Amino acid sequence: MASETELNAGIEDGVRRRDFINIAAVSFAGVGSVAVVLPLLNQMNPSADVLALSSTEIDISAIQPGQAIKTSWRKQPVFVRNLVAKEIAEAKAVPMGDLRDPETIDQRTKPGKENWLITLGVCTHLGCVPLGAAEGENRGDFGGYFCPCHGSHYDTAARIRKGPAPKNLVVPPYEFTSDTVVTIG
Amino acid sequence: MSFPWAKPYEPTHPLMKWMDEKLPIPRLVYNATGPGYPVPRNLNYFWNFGVLAGAALMIQIITGIVLAMHYAANADVAFNSVEHIMRDVNAGWFIRYAHMNGASMFFIVVYLHIFRGLYYGSYKAPREMVWLLGVVIFLLMMATAFMGYVLPWGQMSFWGAQVITGFFSAIPLVGEPVREWLLGGFVPDNATLNRFFSLHYLLPFVILGVIILHIWALHIPGSSNPTGIEVKDEQDTVPFHPYYTAKDGFGVGVFLLVFVALTFFSPNTLGHADNYIPANSLSTPAHIVPEWYFLPFYAILKAFTFNFLWIDAKLWGVIAMFASIALLFFLPWLDSSPIKSSNYRPLYRIFFWILVADVLLLGWCGMQPAEQPWVILSQLGAIYYFAHFLVILPIVSRIERPLPMPNSITEAVLAKHATDATSASATA
């Protein structure tokens, strides 16, 4: 057994070899534990097959003005609506100050194709599918979409106007591959 | 850890003596739930609900383990595997209905247990830690119940998972990545179902662990009682066994009667018909509501329909909902009155019953669609709920003049006995 004097022998600054070993061992174990936790947390993120963004092609030729269809992209519902002139005019007439998430209809559609409103059908509140895409469904107080779960109303440009949702319905990345075909993703 | 007059454990049989030296489990049981644990002599039937909650947990664990032998946690087959349990597995319908209704029974007894704690001030010193651990158990129960409800992969399962994981997307900046991390995708899917099954199997055992801590913390000061006066000497107590093992045994019998009546005669009353429709990620049920035990909190979530200050409505709703439960952690310090039992608190008692009515009102509103008058009622109900804990309770506990109290548990019991005897002789 080493006595206290022996352990402290030759040390003037009060730091013993043992203190160094303690700090080094605990730090090493700490870094090691964190390194093990990272993959354990990361495994919960979307896996490669989920992330592989399949792009969806939609034929929009059959959608008449005033009609909308519901399709899906990355397993999420997508609304494609062929707006009528009145709906576009209504959307343009709204002053930006009245909007919770200010965006013009031009920002939400492609140039020259502003009658095509393509959004995710996922309410930005808690993710229900709003009503209004199918014939005869409740389109809410602003003539766009209405989410029945918690009562969010969207206008003709699918912008949030009333209720608990914080954002406009999301416009996914898409482009017109031809006049009648849209590729989402 | 116990009162000085607690009966000591003295094994006589050589085997028990041998066991006591090697692994003193019989000693532990004797001193925790046996003759070696003195308990106030005046506990009423509200003190049964802790044991009943334990019984409900055991029923859930046993039926759950059996169900897991037949269930398949895969989005393609989960719904059908539950139908397979219902139609093909021997007695499968009974085990699943017992598990479904067992969850409701668990929440009923736990809500009554919390009611008892609130009315009789069981959360006050020296039992704050018992209360805090209880709130932890309650949170774990909610997480477990939610994830269990997702497993059948019906419409309510799917949309419940979508909405509840949506809560996390309200967190500024990191919300959406956190939600995707929880789901393992952009919508609830196979990855979500698998991890929920794994955690749904794990959490009940975590609950069991916290219950052991809850009971450990309880056994340091010992049980509270309807007078709220602490035990003073031996005549205030009776041994747990046989007095309370018998009383709890009777309670368990009544509990089981209600439980089997619900399971056999009305197994789907507390569920939702929509959950017998397979999950469809493109169509939300017209009216989505959580299980009944979440309704008051759901109403608080739905009460926030407008942006306020710099925080949007969605984040307010989520903050308020979590805060309504987190508030319970602060209860022992929000109520500064030294009087525990509401029987001696005339003013608090009034507000206590208003709170009970308010929570029932919120529960009713939680069930209704997001329309008037339910929105305004939820808003008023939510305001009152927070006002009760943050404003009324601190004020009442300072200004209230309590009723005269007996000096001891025994005095209270004998006084009651004397009144009963007088009225009995008066009638005779």
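## Salt bridges in the model

Over all chains, 19 salt bridges are counted, a salt bridge being a side-chain nitrogen of Lys or Arg within 4 Å of a carboxyl oxygen of Asp or Glu. The structure is a predicted model, in which local features need pLDDT of at least 70 and side-chain atom pairs count only at pLDDT 80 or more, while totals for chains, interfaces and linings use all residues. Side-chain values rest on heavy atoms, with hydrogens and water left out, residues are numbered from 1 along each chain as its sequence is written, and chains are lettered from A and ligands numbered from 1 in the order in which they are written.

Side chains of opposite charge can pair when their charged atoms come close. Because A:K162 lies in strand β7 (residues 160–162) of chain A and A:D141 in the loop between β4 and β5 (143–147) of chain A, the pair ties together parts that are 21 residues apart in sequence. Helices (H or I, at least four residues) and strands (E, at least two) are DSSP runs, numbered from the N terminus.

## The contact between the chains

Chain B contributes 31 residues to the contact and chain A contributes 31 residues, where contact means heavy atoms within 4.5 Å. Together the two chains bury about 2,500 Å², of which 63% is on carbon and sulfur atoms; buried area is the accessible area (1.4 Å probe) that two parts lose on being put together, summed over both. Of the area that chain B buries against chain A, 28% is supplied by B:W181, B:F186 and B:L282, more than by any other three residues.

Across this interface the rule finds 1 salt bridge, in which the side chains of B:D189 and A:K75 meet at 2.8 Å, N to O. Between chain B and chain A there are also 11 residue pairs in polar contact, with both residues at pLDDT 80 or more. A polar contact is a pair of N or O atoms within 3.5 Å; within protein, one must be able to donate a hydrogen and the other to accept it, and residues adjacent in sequence count only if both atoms are side-chain atoms. On the side of chain B that touches chain A, at least two residues come from each of α7 (155–166), α8 (175–183), α11 (295–302) and α12 (313–326) of chain B, and α7(B) gives the largest share, 4 residues. That side of chain B divides into 15 nonpolar, 10 polar and 6 charged residues, with Ala, Val, Leu, Ile, Met, Phe, Trp, Tyr, Cys and Pro counted as nonpolar, Asp, Glu, Lys and Arg as charged, and the others, Gly among them, as polar.

Strands of a sheet pair through backbone hydrogen bonds, either parallel or antiparallel. In chain A, an open sheet of 3 strands has the order β2-β3-β4, with antiparallel pairing; two strands pair if DSSP finds at least two bridges between them. Strands β2 (68–73) and β4 (116–120) of chain A stand at the edges, each with a single partner strand, so one side of each is left without a neighbour in the sheet. From one strand to the next the twist averages 20°, with axes taken as lines fitted to C-alpha atoms, for helices over the stretch in contact, and angles running from 0 to 180 degrees between N-to-C directions. Strand β3 (residues 76–82) of chain A is joined to β4(A) by 5 bridges and runs antiparallel to it, and A:R81 has A:L117 in β4(A) as its bridge partner.

Another open sheet of 3 strands in chain A has the order β1-β9-β8, and its pairing is antiparallel. Here β1 and β8 of chain A stand at the edges with a single partner strand each, so one side of each is left without a neighbour in the sheet. Strand β1 (residues 56–59) of chain A is joined by 4 bridges to strand β9 (residues 181–184) of chain A, with A:I58 opposite A:V182 in β9(A). Strand β8 (residues 174–176) of chain A is joined to β9(A) by 3 bridges, and these two strands form a hairpin with 4 residues between them. Within that pairing, A:Y174 stands opposite A:I184 and A:E175 stands opposite A:T183.

## Backbone details in chain B

Most residues other than glycine have a negative phi, and most peptide bonds are trans. In chain B, a cis peptide bond with omega of about 10° joins B:A125 and B:P126, and B:P126 lies in the loop between α5 (92–119) and α6 (128–150) of chain B. A cis peptide bond also joins B:H241 and B:P242, with omega of about 10°, and B:P242 is found in helix α10 (residues 240–265) of chain B. B:A91, a residue other than glycine, has a positive phi near 60°, and its place is in the loop between α4 (78–87) and α5 of chain B.
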